Amino acid sequence: MRMTLRFALPLLLILGGITWAASPLMANLVDRWFRGDVESHAQLLFDSLKDSLTGDLTEDQIATLISRINGDKHLLALGLCTPEGQLTRRSAGWPPPLGCPATPPDRGRAFTKGRLKSGPILTSAFALPSQGPTSGYLVFVHDLRFIDDRSRWAEAYTVGLFALLATVAVAVAVLITRLTMRGWVKAVREGLANTADARLPPSPEIASLVGDVQKMLRDGEGQREPSEMIRVDWTADSLKHLLKTELPDAEVIVVSNREPYIHNDVDGEIRIQRPASGLVTALEPITRACGGIWIAHGSGSADRRSVDEKDHVAVPPDAPSYVLRRIWLTDEEVEGYYFGLANEGLWPLCHIAFIRPAFRAADWQHYVAVNRKFADAIVAEAKSPNPLVLVQDYHFALVPKMVRESLPDATIITFWHIPWPNPEMFSICPWREEILSGLLSSSILGFHTQFHCINFLDSVDRFLECHIDREHSTVTTGASTTLIRPYPISIEWPAAALAGQPDIAGCRKAVYAKFNLSEDIRLAIGVERFDYTKGIPDRFRAVESLLENHPEWIGRFCLLQIAAPSRAQLAAYQAVQVEAQDVARAINDRFGRDGWQPIILIARHHDAAEICTLFRAADLCVVTSLHDGMNLVAKEFVAARDDDDGVLILSTFAGASRELLEALIVNPYDIRGMGEAIHQGLSMSSDQRRDRMRLMREMVAEYNIYFWAGRMLMDAARIRKRQGIEKPLDNGEPI
Ligand code: G6P
């Protein structure tokens, strides 16, 4: 309709203007045209009479003339004038006020237009033939009212014709436009759909448009929805405020496998360890802000000694703000549920790292049993019928359904911290339907990226009977609806680890001294768990490529790799450690000299403050995961650089690459490309480094962990309010 109006209005205006200008012209033309006819008619009449006329007309002649013109309905009267202009004779219809034409006829005739009360007239005067001097003039008086009538008709026809023309023109224009648009939209759609297939490039006419649309979509992936553009400075306080105002009385229960504080027995003393886990890094500040209870596996050697009779311990130890509830698992359960199903099955299933997932029925039994154990603990800890349960990660795909059975009014937000595979990959899991329907008991299911949401929806589409609303990104199974949304996870801002850090020069000095690095060496840092998804051996090979192709860095560059031991009893993890150590040794043997080594590999756990100091000392941070849901190391490096310096090299297969667009983005399978990126990072001007780092810092500061949680909680609040509205009243009527 809007498109029709857009075309119709200008066309109608143009045609209306033409009509307005043309209709008086038309009337004038018609007037002149018919007057010419009357004049010719008068001349013909006179010519047919003139032979029978002499200078002095007798009464009989006049009577004959009058009878001859009586049949002419446009002739009013005739009269005779003397050469001096005296009206001597006139017929009965002669208008009383009319005299003879004042001017003698030119070349024997004259036409004069006039107007009487009854309407317009024309007088035509003709000189009478005579043997001597002119004996006078014969004058005809013509009635011109019919011309007026015809002019009006002509005007009306002109307007009508133009109106018809305008209608037809608008209809044709709209039809052609619609057909053209439909053709374009179809061609662009096909062009976009075919882009994945290089054999079907878009046609040349739309190739550039398709390219533009793709670029916009790519750019848009790292951006936010309009509602999120409204800038709020997200802090622990704003999150608390949100909870208080939007989710009053909501009881917060966080559930994860890894606990935020591990009590270990070290030589008879209890030491508290913070685990190397992106999940814990992100969730801990949130739980500190929201309060409530965090349920997790008690895995530390002194964990049992540190809890009360309810298995509770208040944390953080120095300023408690929430309760940690520990769940005890047997060795068999840990073996089957954690190492087996979760880390040998689901972890490789969801990460494209070309490690074959292992699915064993016994592991699945443990996974179900442990999920039940955690679900029972949630239900037991809940003091209200509708707590806000925040279920974390791939360890607990069945927990949402198990909790929902006992607490139907709970608001369950599940966050999947790792990628979600495409349906083909996912289909190899023998318990795919159970996993999907377990997750779909959540009120909200979050992933880091839109891409993973789409993979999840496609998997649901393939394997479950349900209704998928792709516009609103919801899945409805039976009476329950789950919102599937991307919530890119982030870190605390400002980073707590920054407190008490020396300035950049101080950090650099300390780190260089500790690792015995000479001052002219440029330092790159890598920090992760020793996991095959992190691409550590490939990163080392990239260092080799750098030194091969840019020998100027030999003796002047060092990669310090921190790798926290992780899941070390699994074969794939042992293999990657061995491989990384072998590759590092070979490269150091090949290039090392005079006490300098290009790679320093330290396989031990470091705490957040130590890592922050390393980040501040480094020129580059290298994050080259083969596949990663988000990767918070990249964001932690950015947060540590309050001097706006430092270069981030980031894998395109880490979710963080969708947000940290100013990093040097690399393909971790392209060793030479990664080596070149390290060279580029080392050669970058300080202005460039600053410009890039500033933009990345703005991004992480704004979209910090409070923003992440805030968005989920706002969505949860909306769901709770809607449920409140839909709840029946006591009399059974919905409100
Ligand atoms: C990933 C997972 C987390 C996990 C972390 C450390 O980030 O998404 O759930 O806690 O790795 O692994 P771990 O097995 O030691 O807890």
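## Basis of the model

The model is predicted: local features need pLDDT of at least 70, side-chain atom pairs count only at pLDDT 80 or more, and totals for chains, interfaces and linings use all residues. Residues are numbered from 1 along each chain as its sequence is written, and side-chain values use heavy atoms, with hydrogens and water left out.

## The annotated segment

An unreviewed UniProt entry places a "transmembrane region" at residues 156-176. UniProt positions follow the numbering used here, feature names are shortened, and annotations may be inferred rather than shown by experiment. In the model, residues 156-176 are 100% helix and 0% strand. The end C-alpha atoms of this stretch are 30 Å apart. Helices (H or I, at least four residues) and strands (E, at least two) are DSSP runs, numbered from the N terminus.

## The ligand site

The ligand is surrounded by 13 residues, each with a heavy atom within 4 Å of it. The closest are Arg258, Ser277, Tyr338, Asp393 and Arg567. By class, the shell has five nonpolar, four polar and four charged residues. Here Ala, Val, Leu, Ile, Met, Phe, Trp, Tyr, Cys and Pro count as nonpolar, Asp, Glu, Lys and Arg as charged, and the others, Gly among them, as polar.

The distance is 2.4 Å to the side chain of Tyr338. For Arg567 it is 2.8 Å, and for Arg529 it is 3.4 Å. The protein covers 90% of the 370 Å² of accessible area that the ligand has on its own (Shrake-Rupley method, 1.4 Å probe). Helix H7 (278-290) and helix H8 (331-350) are the elements that give two or more residues to the shell.

## The mixed sheet

An open sheet of 10 strands runs in the order S10-S11-S9-S6-S12-S13-S14-S17-S16-S15, with mixed pairing. Two strands pair if DSSP finds at least two bridges between them. Strand S10 (312-315) and strand S15 (467-469) are at the edges with a single partner each, so one side of each has no neighbour in the sheet.

Strand S6 (252-255) pairs with strand S9 (293-297) in the parallel sense over three bridges. Val254 stands opposite Trp294 in S9.

## The parallel sheet

Six strands form another open sheet, ordered S20-S19-S18-S21-S22-S23, and the pairing is parallel. Its edges are strand S20 (599-602) and strand S23 (664-666); each has a single partner strand, so one side is left without a neighbour in the sheet.

Strand S18 (522-529) and strand S21 (620-623) run parallel and are joined by two bridges. Ile525 has Cys621 in S21 as its bridge partner.

How values were computed
A polar contact is a pair of N or O atoms within 3.5 Å; within protein, one must be able to donate a hydrogen and the other to accept it, and residues adjacent in sequence count only if both atoms are side-chain atoms.
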